[in-house]
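Biologist: Could you show me how to read the strands, pockets and contacts of a model like this?

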Amino acid sequence: HEGPWSSLLGIAGIPAEAEELGVGRALALALRTGVRLHLRRLSTAASLGMVAAARRAGLDLTAEVTAAHALFVDADCAAFDPAFKLEPPLRPAADRDAVAAALRSGVVDALVSGHVPASAMAKNVPFAEATFGAATLPWYSATAFSPVECPPARAVALLAEGPARIADLTDRQGGPVVAGRPANLTVFDPEAVWAAGPETAVSRTATTPFAGRTLRGRARHTLVDGTAVVICSEAQQ
């Protein structure tokens, strides 16, 4: 993020306006044409404010944010750890707080992982030279429960119902658990407390900003068409 921290660290930053101008243009074109619009990976308070205003104006609009942008801030880059070099960049605390508030209030429709794993070769270099991205998929769903503190029904909407609706998959995903529907299910324990890091990842990359964080909420098992495809062992409990 272009701001005091990028100046202090001597790193070229990406300004908030780079995102906000794009969001404003997309909203204006959608309002003029009447198309359905989905906005990905929003990261600033101003972007989210524009989304809220567009909803009030009746625009057919959905939006998403990533777990990292609800948890981390640009100051986390002070250690020059490339795990925090993400796209869009991590923003100041006011933007981070706006992302978390938008998740709780319903301004956004989905919480996404933002999972862009990068090889060790691409990350074990100076911050400015490192590629964007990190592994986030194993841990992102816990963010809805802590620290964002969404009620369980809201967390399910963000993690399952909203994404299925955006992708037009509601006939198979994200719907109610009732007889006759495909049993595509995740067994999720909202009270599980566990440590994030490479040792709890199902990923070939160990680079993640979540390393060292204590999280609450964990996916235990996964079923596809009623068949268990992932079963968490006792050792992983």
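Predicted model: local features only at pLDDT ≥ 70, side-chain atom pairs only at ≥ 80, totals over all residues.

Biologist: How many bridges join strand β2 to β3?

Modeller: In general, strands of a sheet pair through backbone hydrogen bonds, either parallel or antiparallel. Here 3 bridges link β2 (residues 61-66) with β3, and the two run parallel. Strands (E, at least two residues) and helices (H or I, at least four) are DSSP runs numbered from the N terminus, and two strands pair if DSSP finds at least two bridges between them.

Biologist: In what order do the strands of that open sheet come?

Modeller: The order is β1-β2-β3, 3 strands with parallel pairing. β1 (37-39) and β3 (110-112) are at the edges with a single partner strand each, so one side of each has no neighbour in the sheet. From one strand to the next the twist averages 25°. Helix α2 packs on this sheet, touching β1 and β2, and its direction makes about 170° with that of β1. Axes here are lines fitted to C-alpha atoms, for helices over the stretch in contact, and angles between N-to-C directions run from 0 to 180 degrees.

Biologist: Is Glu19 buried or exposed?

Modeller: Glu19, placed in α2 (residues 16-33), is buried because its relative accessible area is 12%; buried means under 20%, exposed over 50% and partly exposed in between, with a 1.4 Å probe and protein chains only. Its side chain makes a polar contact of 2.7 Å with that of Ser47. Such a contact is a pair of N or O atoms within 3.5 Å; within protein, one must be able to donate a hydrogen and the other to accept it, and residues adjacent in sequence count only if both atoms are side-chain atoms. Beyond four places in sequence, Glu19 is in contact (heavy atoms within 4.5 Å) with residues including Arg41, Pro88 and Arg91.

Biologist: What is the pairing in the sheet β4-β5-β6?

Modeller: That open sheet of 3 strands is antiparallel. β4 (185-195) and β6 (227-231) form its edges, and the twist averages 30° from one strand to the next. Between β4 and β5 (residues 214-224) there are 8 bridges; Phe188 has Ala219 as its bridge partner in β5.

Biologist: Which residues lie nearest the centre of the largest pocket?

Modeller: Thr186, Phe188, Ala219, His221 and Thr222 do, out of 45 lining residues. On a 1 Å grid over the protein atoms alone, a pocket is an open set of points with protein on both sides within 12 Å along at least five of seven lines, a cavity is a set where a 1.4 Å probe fits but cannot get out, and lining residues have an atom within 4 Å of a point. The largest share of this lining, 8 residues, comes from α6.

Biologist: Which residues line the largest cavity?

Modeller: Among them are Arg41, Thr66, His69 and Pro88. Thr66 lies in β2 and is buried, at 3% relative accessibility.

Technical notes. Residues numbered from 1 in each chain as written. Heavy atoms only, no water.
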